[in-house]
Amino acid sequence: MREIVLAARPQGEPKETDFELRDADEREPGDGEVLVRNVFVSVDPYMRGRMTGIRTYVDGYDVGAPIGGGAVGRVVASRHDGLSEGDWVSSMLGWREGGIVDGGTLRKLDPKLAPPSTALGALGMPGFTAWVGLQEIGQVKEGETIYVSGAAGAVGSAAVQIAKRKGLRVIGSAGSPEKVEWLRSLGAEAFDYRETPAREALADGIDVYFDNVGGEQLEAALNALREFGRVIACGSISRYNDEKPQPGPRNLAFVVTKRLRMQGFIVTDHVARFGDFVREVGPWVGDGTFDARETVLEGLENVPAAFAGLFHGDNTGKMLVRVGPDD
């Protein structure tokens with residue numbers, strides 16, 4: 001089986017030459033271990049920070065080492081009592097066609113609940129991030145107005161749909177007419193930030209801002225937030241490839257004068273709530289009333305291109321790469 005390793009630390013936007021495809025070492029699983037063949041692997045914006053090698057809330061990637069991350073696959077061979085050949089599992093095997101892992105680190109998936117790929121999107125880290133951001137960090141309330149930037153991405157589209165179900169008025173931004181139309185089909189009031197300035201689109205005011213983008217979008221939201229508003233600081237993808245630090249929002253004084261609350265969060269701090277999240281959102285995904293949209297590329301060799309595409313808005317919903325058959 002093959003794997004992708006970090007060949008060089010990206011400078012600015014990640015390039016194909018920053019990665020290398022190579023054959024992986026193989027062996028038989030030992031006691032308690034499982035051999036998994038991946039079907040889908042995930043590319044996620046947080047991986048860009050890990051490629052710097054600097055530890056933030058998680059260790060950086062080493063040059064020459066495989067790139068770890070979310071993956072979904074099937075058990076090929078098991079020496080773990082709770083897992084059998086053919087079982088669907090989610091893992092952190094990352095950008096590989098498969099590998100051997102401790103069976104205790106795997107999450108067994110129920111394909112009858114929802115398609116297994118959703119364990120990397122709507123029913124995985126992105127969906128859970130949206131749920132935690134709204135419930136725990138933003139503490140949103142029915143009747144409030146929330147603005148979600150990057151609303152057509154994996155986290156953003158989940159936040160839009162969960163917020164709608166909780167009775168909020170939702171405004172979302174995206175980078176193309178097609179994405180805007182999709183967001184409108186989900187019940188959001190959507191605009192194309194390339195055509196309409198966020199400050200103009202938010203002129204009526206908002207109560208909560210779910211920030212996936214940072215930069216100009218954050219500045220516009222601080223202008224629009226009403227007194228005692230909240231900022232759910234989830235990500236700043238517009239800044240991840242900056243080679244030099246950029247000035248922060250020029251209007252941070254509003255945090256004081258409007259008595260705003262701005263809080264960042266790391267979803268793994270809330271893992272104890274994951275079961276509650278799946279119990280609430282799982283049935284929506286399973287019955288199709290929650291649109292778990294995916295953009296899927298084919299082949300392990302296309303993982304770097306899929307990753308780079310995140311920073312150009314190439315995905316609608318969750319970006320995945322299929323690296324193996326699902327049977």
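**Sheet, helices and cores**

Visitor: Where does helix α4 lie?
Guide: In this predicted model, helix α4 (residues 177-185) lies across β9 and β10 and runs at about 175° to β10.

Visitor: What order do the strands of that sheet come in?
Guide: The order is β10-β9-β8-β11-β12-β13, six strands in an open sheet with parallel pairing.

Visitor: And which strands stand at the edges?
Guide: β10 (189-192) and β13 (261-264) do. Each has a single partner strand, so one side of each is left without a neighbour in the sheet.

Visitor: By how much are neighbouring strands turned against each other?
Guide: By 15° on average, direction ignored.

Visitor: What about α3, what does that helix touch?
Guide: Helix α3 (residues 154-165) packs on the sheet and touches β8, β9 (169-174) and β11. The direction of α3 makes about 165° with that of β8.

Visitor: Let's look at β11. How many of its residues are buried?
Guide: Six of its six, so to speak of residues 206-211 as mostly covered follows from the under 20% cut-off on relative accessible area.

Visitor: How many bridges join β11 to β12?
Guide: Five, and the two strands run parallel. Ile-206 stands opposite Leu-225 in β12. The chain gets from β11 to β12 through helix α6 (residues 215-224), and this β-α-β crossover is right-handed.

Visitor: And on the β8 side?
Guide: Three bridges join strand β8 (residues 145-148) to β11, again running parallel. Tyr-147 stands opposite Tyr-209 in β11.

Visitor: Back to α6. Why is it called largely enclosed?
Guide: Because seven of the ten residues of α6 are buried. Among them are Gln-217 and Glu-219, along with Leu-218 and Leu-222.

Visitor: What joins β12 to β13?
Guide: Four bridges, with the strands parallel. Val-231 stands opposite Met-262 in β13.

Visitor: New topic: how many residues are in the largest nonpolar core?
Guide: It has 40, and Leu-134, Ile-146, Leu-183 and Val-281 have the most contacts inside it. At least two residues of this core come from each of α2 (125-138), β8, α3, β9, α4, β11 and α8 (274-286).

Visitor: What is Leu-183 in contact with?
Guide: Leaving aside neighbours within four places in sequence, Leu-183 contacts Ala-151, Ala-152, Val-160, Gly-172, Ser-173, Ala-174, Ala-188 and Ala-190.

Visitor: Which residues does the second core include?
Guide: That core is separate and has 28 residues, including Leu-93, Val-101, Phe-311 and Val-323.

Definitions and conventions:
Residues numbered from 1 in each chain as written. Predicted model: local features only at pLDDT ≥ 70, side-chain atom pairs only at ≥ 80, totals over all residues. Heavy atoms only, no water. Buried < 20%, exposed > 50% of the residue type's maximum accessible area, 1.4 Å probe, protein only. Pairing = 2+ DSSP bridges. Right-handed = clockwise from strand over helix to strand, strands pointing away. Axes fitted to C-alpha atoms, helices over the stretch in contact; angles between N-to-C directions. Contact = heavy atoms within 4.5 Å. Core = buried A, V, L, I, M, F, W, Y, C linked by side-chain atoms within 4.5 Å.
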